[in-house]
Amino acid sequence: MKPSAARRILAGLALLAAGAAGAAERLTGAQIRQVFEGNTVTGRYTGSNLPFSEYHHPDGRALGHNRNLPNTDACWTTTEDAVCYYYGPPDKRRTYCFTIETSGALYVIRSRPSGRINGLARVEPGDPHDFSRKSGNWFCDGLISRALPHARLAKVALDGARARRSDGVLGRDGGR
């Protein structure tokens, strides 16, 4: 498929998603975890049309690729109402949080707090691209790998985000 055709299709899907916002169901953090954990989220970013595909490993790793670049240190977790991703070592960590809406098999990924549509995706059962076998081995520190119960983990993530906002540092201490 030509890039221009793919862009038109993606733009049409974005318009459909935006127009169907009333019909879309916004997921809670617990629902996002239930859908994403142990499965692969595959889609395209709305601004660039670049692909992403990440297997959401139960241990907190996000295995796969983003914008055609392999993940080497990606981690994921959920908060009360969003999914958050952490990329990079603690001193250079980048943090991104998204709310998730679903309408049938389409998942609309919105940046938090702006609400801007960041991407459109589908969820593939399991690890169909074998990212677990192909990816390097890393562990998720800080918020994700401490094996906290999921409810407490969401609270820690929210408290950590508030603390980082108040001191002007995003993700520097891994939320601890």
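Where is Pro113 found? Pro113 sits in the loop between strand S9 (106-111) and S10, and I'll come back to that loop in a bit. Before that, some housekeeping. What you see is a predicted model, where local features need pLDDT of at least 70, side-chain atom pairs count only at pLDDT 80 or more, and totals for chains, interfaces and linings use all residues. Residues are numbered from 1 along each chain as its sequence is written, and side-chain values use heavy atoms, with hydrogens and water left out.

Okay, the overall picture. The chain has 4 helices and 10 strands, where helices (H or I, at least four residues) and strands (E, at least two) are DSSP runs numbered from the N terminus. The order from the N terminus is α-β-α-β-β-β-β-β-β-β-β-β-α-α. There are 176 residues, and 48% of them count as buried. Buried here means under 20% relative accessible area, exposed means over 50%, and partly exposed is in between, with a 1.4 Å probe and protein chains only. If you take contacts (heavy atoms within 4.5 Å) between residues at least 6 apart in sequence, 50% of them join residues at least 24 apart.

Now helix H2, residues 29-36. Its buried residues are Gly29, Ile32, Arg33 and Phe36. They cover an arc of only 100° around the axis, so they sit on the same side of H2; that arc is taken from the directions from the helix axis to the C-beta atoms. On the face turned away from the buried side you get Ala30 and Gln34, which are exposed. And just after H2, Gly38 takes a positive phi of about 80°.

A nonpolar core is a set of buried Ala, Val, Leu, Ile, Met, Phe, Trp, Tyr and Cys residues joined through side-chain atoms within 4.5 Å. The largest one has 17 residues, and Phe36, Val83, Tyr85 and Ile100 touch the most other members. Two or more residues each come from H2, strand S2 (40-45), strand S7 (83-87), strand S8 (94-103) and S9. S7 gives the most, with 3 residues. Take Ile100: leaving out residues up to four places away in sequence, its contacts include Ile32, Phe36, Val83 and Val108. Apart from this core lies another, of 9 residues, among them Leu63, Phe131, Trp138 and Cys140.

S6 runs antiparallel to S7, with 4 bridges joining them; strands count as paired if DSSP finds at least two bridges between them. A hairpin of 4 residues connects S6 to S7, and Thr78 stands opposite Val83 in S7.

That gets us to the disulfides, meaning pairs of cysteine sulfur atoms within 2.5 Å. How many are there by this rule? The count is 2. One joins Cys75 to Cys140, S to S 2.1 Å. Cys75 is in S6 and Cys140 is in the loop between H3 and helix H4 (150-167), so the pair ties together parts 65 residues apart in sequence. The torsion about that S-S bond is about -95°, so this disulfide is left-handed. The other joins Cys84 to Cys97, S to S 2.0 Å. Its torsion is about 110°, so Cys84 and Cys97 make a right-handed disulfide. Here Cys84 is in S7 and Cys97 in S8, 13 residues apart. In sequence order, the bonded cysteines pair 1-4, 2-3. Cys84 is buried at 2% relative accessibility, and Cys97 is buried at 17%.

Asn68 has phi of about 70° and lies in the loop between strand S4 (62-66) and strand S5 (69-70). Is Asn68 buried or exposed? Asn68 is exposed, with a relative accessible area of 52%. Asp130 has phi near 60°, in the loop between S10 and helix H3 (131-134), and is partly exposed at 31%.
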